[in-house]
Amino acid sequence: MAKPPVLTPQSEDFPRWYQDVIAKAELADNGPVRGTMVIRPYGYGLWERMQAEVDRRIKAAGADNAYFPLFIPMEYFQREAEHVEGFSPELAVVTVGGGKELEEPVAIRPTSETVINSYFSKWIQSYRDLPLCVNNWSNVVRWELRPRLFLRTTEFLWQEGHTCHATYEDARDYARRILFDVYADVMVNVLAVPVLLGPKTASERFAGAINTLACEAMMRDGKALQMGTSHELGQNFAKAFDVTFLDAAGDQVHAWQTSWGVSTRMVGGMIMTHGDDRGLRVPPVLAPIQAVVLAVRDEPEVLERTAALAAELADQGIRVELDHRVDLSFGRRATDWEIKGVPVRVEVGPRDLAEGNATLVERWDGAKSPVHLDGVATAVLAALDSGQANLVREATEFRDAHTVEVATVDEAIEAGATGFARVPWSAVGTDGEARLGEHAITVRCLQRPDGGFPESADEPDLVAVVGRSY
RNA sequence: CGGGAAGUGGCGCAGUUUGGCAGCGCGCAGCGUUCGGGACGCUGAGGCCGCGGGUUCAAAUCCCGCCUUCCCGACCA
């Protein structure tokens with residue numbers, strides 16, 4: 001009776017499970033060039049939903065979309081010392097164009113601070129031009145040594161926001177606003193992925209930033225994934241690219257800036273936060289397909305009722321799909337939707353109809369329940385709500401159950417191997433970071449002892465959250 | 001980029017040691033029977049054995065180079 005598992009069980013081999021589920025749920029394929037990724041329609045559907053939710057919030061935060069070019073003059077990279085140093089190793093450079101060796105090689109953007117700032121310097125003249133907040137949806141290239149689908153690909157899709165402000169405080173507040181109102185909000189309320197928020201240590205900072213704020217999540221194998229970052233750039237790039245403005249007092253001063261991004265990595269984070277041995281579990285708010293109405297049998301009444309139900313659900317604003325593939329066995333189709341993680345399945349067969357019911361199956365826990373045909377829409381909506389809440393709760397409980405409080409670096413090394421360890425930052429420091437590093441453990445972010453967000457990384461009594469990471 | 005493993009119909013693999021007709025399971029197509037948790041029967045299609053070079057009468061098999069994937073490390077959304 002027991003069928004061989006469709007996917008490698010997580011407990012047996014988590015990385016293998018991850019690859020299996022990406023293949024079987026038809027999310028993505030490897031591209032022909034190392035590190036590249038072909039995103040298949042269902043995988044892209046997940047990304048499009050993430051994009052829509054992020055985009056809406058970015059606009060609400062006052063940033064407008066724009067587009068900057070893929071190609072960047074090499075010389076731009078040289079201008080900010082830390083930036084060059086940080087990105088040089090992963091830069092892809094075009095040296096031939098139109099069949100000729102180029103006089104000046106052209107870099108393919110790994111991020112766009114440099115080009116964008118060269119235009120900011122043209123556009124900004126007065127404090128009245130500030131704040132200037134733009135966002136770019138794009139692809140970027142970072143020559144990765146160890147690619148993994150969605151988590152770390154040489155080319156990936158993301159948004160990068162870039163802003164200029166008149167004061168340090170404005171820039172700092174904006175970087176936080178993006179972290180909280182855009183990123184954390186999407187992670188928790190859309191992706192159902194609980195995130196820890198806090199500044200990075202100096203060694204984990206973005207190349208060229210004065211402060212990097214991060215959203216860190218825990219995957220089901222206990223490893224950390226950085227889901228998004230928001231940087232305070234200070235005046236580093238403004239100085240390198242001459243982004244200045246005349247302030248109200250008549251002085252020419254450099255702008256204070258931020259940059260921030262989330263990428264297709266979020267898809268990987270969602271997969272590894274919620275997926276189980278039966279497949280994906282896509283949070284209802286995110287799901288491109290929230291409910292599937294499945295005709296159990298090829299009978300006229302069944303087909304009619306399922307079609308009517310699907311239409312009714314669509315009328316309620318539910319993203320619904322009708323499964324009339326009666327040439328495939330019921331079990332096969334049920335399994336397919338399960339692997340794809342569709343939150344709710346509405347099954348209708350002759351037995352249901354005899355009772356005047358449909359069968360509602362919830363993906364998050366597999367629970368099946370009969371629902372009167374008149375109450376399906378209401379029941380689906382309720383299931384979508386509770387499914388979302390349950391996924392967040394489950395993921396939060398998992399993370400907390402794999403997080404321990406420790407006092408020393410040695411204890412952190414031990415605990416960090418299987419989850420998160422919270423250790424006083426004062427007990428770690430730069431030397432401690434190096435020792436953790438020897439065990440492939442890093443400080444994911446700094447927090448207040450109560451988990452609160454610190455005013456600054458220099459605040460006393462901070463706690464370092466450490467763990468292994470992707 | 002270092003260490004390890006591996007590339008054979010779409011997917012998973014055997015065959016490589018000892019060179020001699022390219023196979024199996026799943027999937028796919030057609031027909032029929034099925035259909036409430038990956039259905040079954042019959043028939044059939046599908047291969048430059050990762051790519052390039054070499055050795056040989058003969059290469060999936062031996063030799064050299066490259067590419068790609070996976071695992072473990074150093075760097076990163």
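Guide: Gladly! Two strands are said to pair if DSSP finds at least two bridges between them; helices (H or I, at least four residues) and strands (E, at least two) are themselves DSSP runs, numbered from the N terminus. This is a predicted model, in which local features need pLDDT of at least 70, side-chain atom pairs count only at pLDDT 80 or more, and totals for chains, interfaces and linings use all residues. Residues are numbered from 1 along each chain as its sequence is written, and side-chain values use heavy atoms, with hydrogens and water left out.

Visitor: What makes strand β8 and β14 a pair?

Guide: Strand β8 (residues 155-165) is joined to β14 by 8 bridges, and the two run antiparallel. At least two bridges are required, so they pair. Cys164 stands opposite Gln257 in β14. Strand β11 (residues 224-234) also pairs with β14 in the antiparallel sense, over 5 bridges, and there His231 stands opposite Ser259.

Visitor: Why is Cys164 called buried?

Guide: Buried means under 20% relative accessible area, exposed over 50%, and partly exposed in between (1.4 Å probe, protein chains only). Cys164 has a relative accessible area of 0%, so the residue counts as buried. Strand β14 (residues 256-263) is mostly covered too, with 7 of its 8 residues buried.

Visitor: How do you know that Cys164 is in no disulfide?

Guide: A disulfide is a pair of cysteine sulfur atoms within 2.5 Å. For Cys164, the nearest cysteine sulfur is that of Cys133, 8.2 Å away, and Cys164 is in no disulfide. Cys445 is in none either: the sulfur of Cys215 is the nearest, 9.3 Å away. The structure holds 0 disulfides.

Visitor: What is Asn117 in contact with, leaving aside its neighbours within four places in sequence?

Guide: Contact means heavy atoms within 4.5 Å. By that rule, Asn117 is in contact with Phe237, Phe241, Val243 and Gln257, once neighbours within four places in sequence are left aside. Asn117 has its place in helix α5 (residues 113-123). At 2% relative accessibility, Asn117 is therefore buried.

Visitor: What makes β16 and β19 edge strands?

Guide: They belong to an open sheet of 5 strands in the order β16-β15-β17-β18-β19, with mixed pairing. The edge strands, β16 (320-323) and β19 (368-372), each pair on one side only. Within this sheet, strand β17 (residues 344-348) and strand β18 (residues 357-362) pair in the antiparallel sense over 4 bridges, and Val346 stands opposite Leu360.

Visitor: How do you tell a pocket from a cavity?

Guide: On a 1 Å grid over the protein atoms alone, a cavity is a set of points where a 1.4 Å probe fits but cannot get out, whereas a pocket is an open set with protein on both sides within 12 Å along at least five of seven lines; lining residues have an atom within 4 Å of a point. Grid points are joined across faces, edges and corners, and a volume is the space filled by probe spheres set on the points. The largest pocket has a volume of about 930 Å³. Of the 35 residues that line the largest pocket, the closest to its centre are Arg142, Glu144, Gln226, Thr229 and Arg265. The largest cavity has a volume of about 60 Å³, and α12 gives the most to its lining, with 3 residues.

Methods. Chains lettered and ligands numbered in written order.
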